[in-house]
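I am opening my notebook to look through a new structure, one topic at a time. Come along and check each entry against the picture.

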Amino acid sequence: MIYADCAAQRPPYKEAADAAVYAMQSFGNPSGLHSVSSSAARLLFDARRRTAAALGAQPSEIIFTASGTEADNLAVFNAAERLPERKRLLIFAAEHKAVLNSALNAEKYLGCRVEYIPCLPDGTADMCALEKMLGPDAALVSLMHANNETGVIQPVREAARLAHSCGALFHTDAVQTAGHIPVNVKELGCDLLSVSAHKLGGIPGAGALCCRANIKLLPLIAGGGQERGVRAGTEALPAICAMGAAIEKSCAEMERDAEYVSGLRDLLQMLLSENEGVIFPGADAERVPGTLCACFPNQDGERLALMLDRAGICASSGAACTTGEPGASHVLEAMGLPQNVSRGALRFSLCERNTAEEMHIIAERVKELI
Ligand code: PLP
């Protein structure tokens with residue numbers, strides 16, 4: 001079996017799995033008073049310290065959540081803090097649904113207003129358009145660090161600067177970049193930044209919102225006082241410890257892995273380019289090392305992904321969480337691709353466990369199917 005769907009879930013690092021098992025065996029509720037709880041609290045703090053260090057933040061700025069989706073919701077809903085003076089949410093049109101749908105909920109239930117930052121044909125957000133959209137009533141600008149379907153890295157520093165120029169908060173969804181390319185909240189100028197454990201070599205069940213210390217967050221989940229009082233509920237210690245171990249490991253090996261994995265990605269792109277009419281959305285922009293989107297005009301990407309699976313290759317036709325939804329990808333549509341092209345999309349996402357030989361096998365199978 002060839003696994004080429006790391007953007008959906010990266011295989012966990014051994015260190016992460018070991019950390020999860022250790023946390024499960026030592027159990028204990030980190031909020032208790034006795035010694036078992038104290039050792040759980042120490043493990044929790046250690047994971048917080050590791051996560052913060054990897055993101056260039058302070059441990060106190062890390063709020064653990066159950067997923068990247070939850071971190072995005074927490075960040076976007078926080079915009080309601082600034083109502084009624086600031087009601088506009090400026091959201092990149094090609095965001096993940098975790099951001100797009102939380103913004104729509106903020107509009108529906110809280111009275112915010114959503115406006116979309118357009119996407120340029122190369123897959124990057126249109127900064128000139130964003131500049132024109134700014135104003136004293138803008139509450140939040142949200143621009144993902146890299147897109148999950150194309151891998152295109154976004155002009156986050158520039159967007160943060162623009163957001164701050166009108167007093168808006170800036171959020172970035174770094175779910176597809178943390179552990180893959182350098183992510184430093186201070187250098188990027190982010191107020192809020194989301195990450196997800198299973199995309200960076202941890203296990204599902206944990207995510208984090210990195211939130212600048214002076215920002216008052218609105219609680220999404222009310223209850224006890226965990227996580228600065230904004231995310232109640234006993235922390236999922238095994239998944240959180242796995243995330244701490246994974247983010248540390250991925251950062252330590254990032255430079256070497258990025259060079260190797262982007263080499264594989266480029267090899268696969270070169271091999272696939274032999275198919276007539278194939279288009280690689282985002283290939284003209286800077287991309288994360290492992291993600292390759294390939295569109296085969298007049299083909300059905302979902303069907304291709306299923307046939308590849310039968311041939312022993314795991315890839316996807318886009319975001320895993322929208323599999324089965326009717327219609328073409330909103331990301332490729334936002335880039336201006338016609339439906340007969342965007343419907344034929346396959347996403348290959350690689351990690352350091354893949355090999356050049358696997359790229360040749362993938363390309364051969366795709367060619368046979370097309
Ligand atoms: N944001 C991006 C860019 C993603 O790719 C994903 C998942 O694919 C998410 C958010 C959601 O993360 P999670 O699966 O941890 O909820």
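My entries below go from cysteines to the ligand and then to a pair of strands.

**Entry 1: the model**
I noted at the start that this is a predicted model.

**Entry 2: cysteines**
How many disulfides does the structure hold? I looked and found zero. I reminded myself that a disulfide is a covalent bond between the sulfur atoms of two cysteines.

I then checked cysteine 6, whose closest cysteine sulfur belongs to cysteine 351. The two sulfurs are 3.7 Å apart, which is too far for a bond, because a disulfide needs the sulfur atoms within 2.5 Å. Cysteine 6 is buried, and I wrote down a relative accessible area of 4%.

Next came cysteine 128. Its sulfur has cysteine 119 as the closest cysteine partner, but the distance is 14 Å, so this pair is too far for a bond as well. Is cysteine 128 buried or exposed? I found it exposed, with a relative accessible area of 53%.

**Entry 3: around the ligand**
Which residues are closest to the ligand? I counted 13 residues around the ligand, and the closest are Thr69, Asp173, Gln176, Ser196 and Lys199. Sorting the shell by class, I got eight polar, three charged and two nonpolar residues. I also looked up where the shell comes from: helix H3, residues 68-77, gives the largest share, with three residues.

Then I went through some distances to oxygen atoms of the ligand. For threonine 69, a polar side-chain atom lies 2.5 Å from a ligand oxygen. In glutamine 176, a side-chain N or O atom is 2.8 Å from an oxygen atom of the ligand. For histidine 198, I noted 3.4 Å between a polar side-chain atom and an oxygen of the ligand. On its own the ligand has 390 Å² of accessible area, and the protein covers 89% of that.

I turned to strand E6, residues 169-173.

How many bridges join strand E5 to E6? I found three, with E5 (residues 138-142) running parallel to E6. To see the pairing for yourself, find leucine 140, which stands opposite leucine 169 in E6.

Methods
Residues are numbered from 1 along each chain as its sequence is written. This is a predicted model: local features need pLDDT of at least 70, side-chain atom pairs count only at pLDDT 80 or more; totals for chains, interfaces and linings use all residues. Side-chain values use heavy atoms; hydrogens and water are left out. Buried means under 20% relative accessible area, exposed over 50%, partly exposed in between (1.4 Å probe, protein chains only). A residue is near a molecule or strand if one of its heavy atoms lies within 4 Å of it. A polar contact is a pair of N or O atoms within 3.5 Å; within protein, one must be able to donate a hydrogen and the other to accept it, and residues adjacent in sequence count only if both atoms are side-chain atoms. Accessible areas come from the Shrake-Rupley method with a 1.4 Å probe; for residues, only the protein chains shown count as cover. Helices (H or I, at least four residues) and strands (E, at least two) are DSSP runs, numbered from the N terminus. Ala, Val, Leu, Ile, Met, Phe, Trp, Tyr, Cys and Pro count as nonpolar, Asp, Glu, Lys and Arg as charged, and the others, Gly among them, as polar. Two strands pair if DSSP finds at least two bridges between them.
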